Amino acid sequence: SGVGGISVLKHIHALLPNEQLLYVADSKYAPYGNKTPAEIQARCFEIADFLIAKNAKALVVACNTATAAAIDAMRNRYSLPAFTLPIIGMEPAVKPAAEASRNGIIGVLATTGTLKSAQFAGLLESYGRNVKVVTQACVGLVECIERGELYADSTKILIQQYCAPLLAEGADTIVLGCTHYPFVRHVIEQVVGPKIALIDTGAAV
């Protein structure tokens, strides 16, 4: 979904510097957060077909929303003998956040599509039982980042608005549940202060 996955790509390049990496931004259809699962699946199939035609030996779905909507369908579609390639997805880092939290209260910043997904519900069921999880959909933030407005006052205002409920609930750990959000990590850090731990999943992928 646009430039967000570049925050994951940089980790892949750091660990695998000799691999050829091909990135599809799909900026024309970004953001995915307000698209239906069927629309997102169609985009993922088209992009995957393109990458496979370029002889990709592994696919990374570097978008939390796309993973939630399409990863199972992609694995089913490309599990034939002709497509024996790994497909790696994203998910908000609820488990490491729960382990890192000191007070048992974690916040999750993500798109509406991610937070409404069955995959996210499964994460909460598996790893959120012993902690309080406060979620916040960040409508409009991806668009700001896509436009390159990383230091704009309007972007900071949105971040303040979305972080406020998490801080009010006492969250000491916040998950960056969208691949776009690491690009404004510096602003989020300014807003929440140095005592709040921020977690993203690029390195884990």
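**Exercise 1.** In this predicted model, which residues does Leu 109 touch, leaving aside those up to four places away in sequence?

*Solution.* Start at Leu 109 and look for residues with heavy atoms within 4.5 Å. Leu 109 touches Gln 136, Cys 138, Tyr 162, Cys 163 and Leu 166, and also Ile 174, Val 175, Leu 176, Gly 177, Cys 178, Tyr 181 and Ile 188.

**Exercise 2.** Find the elements that each supply at least two residues of the largest nonpolar core.

*Solution.* Begin with the members: this core has 24 residues, and those touching the most other members are Leu 109, Ile 159, Ile 174, Tyr 181, Ile 188 and Val 192. Next, turn to the elements: strands E3 (105-110) and E5 (173-176) each supply at least two residues, as do helices H7 (141-146), H8 (153-168) and H9 (185-192). H8 gives the most, with 5 residues. Finally, look beyond this core: another one lies apart from it, with 20 residues, including Cys 44, Ile 47, Val 61 and Ala 73. Remember that in soluble globular proteins, nonpolar side chains tend to be buried together.

**Exercise 3.** Compare the radius of gyration of the protein chain with that of a compact globule.

*Solution.* First, take the chain length: for 205 residues, a compact globule would have a radius near 17 Å. Then take the value for this chain, which is 17 Å, so the two agree. Along its principal axes, the C-alpha trace spans about 50 × 35 × 35 Å.

**Exercise 4.** What share of the residues in the protein chain is buried?

*Solution.* Count a residue as buried if its relative accessible area is under 20%. Buried residues then make up 44% of the 205.

Note on methods. Residues are numbered from 1 along each chain as its sequence is written. This is a predicted model: local features need pLDDT of at least 70, side-chain atom pairs count only at pLDDT 80 or more; totals for chains, interfaces and linings use all residues. Side-chain values use heavy atoms; hydrogens and water are left out. The radius of gyration is taken over C-alpha atoms; the globule rule is 2.2 Å times the number of residues to the power 0.38. Buried means under 20% relative accessible area, exposed over 50%, partly exposed in between (1.4 Å probe, protein chains only). A nonpolar core is a set of buried Ala, Val, Leu, Ile, Met, Phe, Trp, Tyr and Cys residues joined through side-chain atoms within 4.5 Å. Helices (H or I, at least four residues) and strands (E, at least two) are DSSP runs, numbered from the N terminus.
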